[in-house]
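I opened my notebook to look up a few things in this structure.

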Amino acid sequence: ASFRSNQPVYVMLPMTGNVQVLGRNASGAHAEAGWRLLVRLERHPASTVALGGLVTSHPVVLGERMIVASRSALGMVDAAGKPTWVPFGQDVVDSPVYAAAIESDGEVLVATRDQVALVISGLNDKPVVHRVPLSGRTDFPIALYRSTLIVDRRELIVAGLDGVVHATDERDSQNTWQGPGGAAFVCGPKVLGDVVLTVRKDGTINRMQADDGKVLSGESLGVPVVAAWTTAKGISGYTANDLFEYDGEIITHTALPQVAADGAVDCVITPTNRVLLRNATGDRSWDEVGRLEEKLTGTPVVWQGHVV
């Protein structure tokens, strides 16, 4: 088979049995050394959904729904492929929305570049949208921290476009803290207990106190990070050659089967746009499942056994 679309290749078939090509039958007995067929590989998406609106945010799977957003609406695709839009109404923001949504306590929260978070409740009934101030502009998902020191205090923590971590008290927007500056972030922050974890494109990893942003420790991977994401245990991501995993204490490394240029959890995009998918069970090996014909513009996500 061909790895590249529209690249002719020859396939040798055995002499025995019958061969059917484009609806025409031929007997294997008519071939002296097997059939030599010129074939062309055509790649098509396993499924395509037209949302009927502009999508700017990175996709994310929340429950059984794929969630995307624009500056004016939240888009959802259910497991059956049915699309739905929830307009933001008067809460439309000025700048494009790139951050993936998160879900907490029955609400969906989307961070923006306008220093506000859009909070959507009642998605399964009558959606209601309202704004919550943020102290920084971001293209990454929000991390939530419920203070163990102050009752009913929930912080909205974002990895800012200015290379600074910003935290805002949801009930009192004047109560904020900021972390130190540095290289651009590669993913949103991760709250782990009373600690906030961050990773930057230059390979710097930091631990900070969630209540005030004080830096507890800092480490470096020694190489740039091409993709990263938060997990239940911490932060994981890819350098060009390794999968790294950080639980707030120890960094582990696992070699990748091919060089990574981008990717997401269980998905690697190579410099030649080949797409590798990691098996969810068994030996957790990697399989090549396709090749992107165009430049990747958003973070991929694995959903229902496919790369979206």
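I first sorted residue types: Ala, Val, Leu, Ile, Met, Phe, Trp, Tyr, Cys and Pro count as nonpolar, Asp, Glu, Lys and Arg as charged, and the others, Gly among them, as polar. I am reading a predicted model, where local features need pLDDT of at least 70, side-chain atom pairs count only at pLDDT 80 or more, and totals for chains, interfaces and linings use all residues. Residues are numbered from 1 along each chain as its sequence is written, and side-chain values use heavy atoms, with hydrogens and water left out.

**The second largest pocket**

I looked up its lining and found 29 nonpolar, nine polar and five charged residues. Among the 43 lining residues, Pro 141, Cys 187, Ala 228, Trp 229 and Thr 299 lie nearest the centre of the pocket. (On a 1 Å grid over the protein atoms alone, a pocket is an open set of points where a 1.4 Å probe fits, with protein on both sides within 12 Å along at least five of seven lines; lining residues have an atom within 4 Å of a point.)

**The aromatic pair**

I found one aromatic pair in the structure. The ring centres of Trp 229 and Tyr 238 are 4.9 Å apart and the planes stand at 65°, so the pair is edge-to-face (centres within 6.5 Å, planes over 60 degrees apart). Trp 229 counts as buried because its relative accessibility is 13% (buried means under 20% relative accessible area, with a 1.4 Å probe and protein chains only). Tyr 238, at 1%, is buried too.

Methods: Phe/Tyr/Trp six-rings, centres within 6.5 Å; stacked < 30°, edge-to-face > 60°. Buried < 20%, exposed > 50% of the residue type's maximum accessible area, 1.4 Å probe, protein only.
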